Amino acid sequence: MAKAPTPGATPAPILLICGNDDYTVKQRGGALYTQWTAEIGGMDHEVIDANVANASEAVKALARLRESVNTLPFFGSGKVVWFKNCNFLGDDRTASSSVVSEDLGDLAQDFKAFDWTGVRLLITAGKVDKRKVFYKAIDKIGRTEVYEQLSVDTRDWVDQAEVIVWKALAAQGKKASDEALGELVARVGPNTRQLHSEVEKVCLYVGDRAQVDVQDVMEVCVRNKNARAFALGDALGERKLPLVLRRLDEELWETKLDRSRSSIGLLYGLIFKVRAMLLAQEMLREGWIKPGRDTASLKAQLSAIPPESVPSDSRFNPAAMNPFVLMKAIPHAQNYTQAELVQAMDLLLQCNLQLVTTSLDEAMVLQQALIKIAGGVAPFVARSGA
């Protein structure tokens, strides 16, 4: 998380904006540069491209930075220097070379003794090694803002993604219903760049209308790879066998195009989904949670669960589940009885054994397991009482 400046405080002479969320880093850097140059005025501002291919280019970029910072402005009362897209502050080969490390160390010492009156330095970078002297010097002299890309492993990624979408819509003079906000986030997943892209797309679609509705999102917003990863599990949860088999076919086709994906990965996703439904059923039965439409209320319910009532190990603690995953599992859990979900886990574990130890066709093995799980229709009374 970025450290926010104290309201009314004098701006720090150096600001380092970094992190693996390159979209946010670039957007924030561009906005700050525009703001600072407007505040200071004059014509002496300079942008230095710090995206280099090797140590030699890194040394040249640092020499330009040192020269620019030390060159007094000819016009106006100050200057802004933007060391842009720096890619040698981490732990890669270029950053670890002795000549670059030595140069960065010397520059850090120069910055500590430098009179920053009338000069502001903005640095935007990707991964940064916080153990190095250069980072520590900047953190002491100025400020740092770190923006990390969201992922499905980020516990509150849904909340953060919704804030991103809300702000992006507000910047366009638009508002969205809770359902539309949730649908857009569910379709895109934890991808900052695409969240902004889809917001821009849906805003163009609604035109002059101020309100974005869920139907607008469903009409124009696509499901990316992260969102499609939930589609098979969601179809299983909805207990719609034709949809389950269609989603399985789509996912198996993706495994042929993307080496990072596999049939065993799909299986683990299904096991995770069934496990989530089992935990959701148990929490509903205990009265710990109630079905809702937003993650905020669900998070409040999870935090109220007595710690002594659940395992301390987060792997087996239902209260430690990602609220977004749990929110989607709650209505799905009511489509199965507890016995059916237990049997589903057994079928998926058998499927796992077959995929690992036999040469059976992977698609056939997965299809047979899913047909047995979703193909039956549980008694209405049993499901409604689950």
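This is a predicted model: local features need pLDDT of at least 70, side-chain atom pairs count only at pLDDT 80 or more; totals for chains, interfaces and linings use all residues.
Q: Is Thr124 buried or exposed?
A: Residues that Thr124 touches beyond four places in sequence include Ile17, Val25, Trp82 and Phe83. The cut-off for a buried residue is under 20% relative accessible area. The relative accessibility of Thr124 is 1%, so Thr124 counts as buried.

Q: Where does Arg239, another residue with a positive phi, lie?
A: Phi of Arg239 is about 60 degrees, although Arg239 is not a glycine. Arg239 is buried, with a relative accessible area of 14%. Its place is the loop between helix H10 (225–238) and helix H11 (241–257).

Q: How many Å separate the C-alpha atoms of Ile17 and Gly126?
A: Ile17 is in strand S1 and is buried, with a relative accessible area of 0%. Beyond four places in sequence, its contacts include Leu122, Ile123, Thr124 and Ala125. Ile17 and Gly126 are 109 residues apart along the chain, and their C-alpha atoms are separated by 8.4 Å.

Q: What is the arrangement of helix H1 relative to helix H8?
A: Two packed helices are described by the angle between their axes and the distance between the axes. For H1 (residues 22–40) and H8 (residues 192–206), the axes are 7 Å apart and the angle is about 65 degrees. That makes the arrangement of H1 to H8 roughly perpendicular.

Q: Which residues of H8 meet H1?
A: By class, the contact of H1 with H8 has 1 nonpolar, 3 polar and 2 charged residues. From H1 come Asp22, Tyr23 and Thr24. They meet H8 at Thr192, Arg193 and His196.

Q: Why do the buried residues of H5 line one face of the helix?
A: In helix H5 (residues 133–141), the buried residues are Phe134, Tyr135, Ala137 and Ile138. They line one face because, seen down the axis of H5, they fall within an arc of 160 degrees.

Q: Which exposed residues does H5 carry on the face turned away from its buried side?
A: The buried residues of H5 have a cover that includes strand S1 (14–18), helix H4 (98–113), S4 and strand S5 (143–146). On the face turned away from that buried side, H5 carries the exposed residues Lys136 and Lys140.

Q: How many of the residues of helix H14 are buried?
A: Helix H14 spans residues 323–333 and is mostly covered. Among its buried residues are Pro323, Phe324, Val325 and Leu326. The count of buried residues in H14 is 9 of 11.

Q: How far apart in space are Leu347 and Lys372, C-alpha to C-alpha?
A: Leu347 is in helix H15, residues 338–357, and counts as buried at 14% relative accessibility. Leaving aside neighbours within four places in sequence, Leu347 is in contact with Ala369, Lys372 and Ile373. Leu347 and Lys372 are 25 residues apart in sequence, and in space 8.2 Å.

Q: Which residues does Asp159 touch, not counting residues up to four places away in sequence?
A: Asp159 is in helix H6, residues 157–171. Asp159 and Thr295 are 136 residues apart in sequence, yet their C-alpha atoms are 7.5 Å apart in space. The residues that Asp159 touches are Thr295 and Lys299.

Q: What share of contacts between residues at least 6 apart in sequence join residues at least 24 apart?
A: The protein has 17 helices and 7 strands, and 45% of its 386 residues count as buried. Among contacts between residues at least 6 apart in sequence, the share joining residues at least 24 apart is 76%.

Notes: Residues are numbered from 1 along each chain as its sequence is written. Side-chain values use heavy atoms; hydrogens and water are left out. Buried means under 20% relative accessible area, exposed over 50%, partly exposed in between (1.4 Å probe, protein chains only). Contact means heavy atoms within 4.5 Å. Axes are lines fitted to C-alpha atoms, for helices over the stretch in contact, and angles run from 0 to 180 degrees between N-to-C directions. Helices (H or I, at least four residues) and strands (E, at least two) are DSSP runs, numbered from the N terminus. Angles under 35 degrees count as roughly parallel, over 145 as roughly antiparallel, 65 to 115 as roughly perpendicular and the rest as oblique. Ala, Val, Leu, Ile, Met, Phe, Trp, Tyr, Cys and Pro count as nonpolar, Asp, Glu, Lys and Arg as charged, and the others, Gly among them, as polar. The arc is that of the directions from the helix axis to the C-beta atoms.
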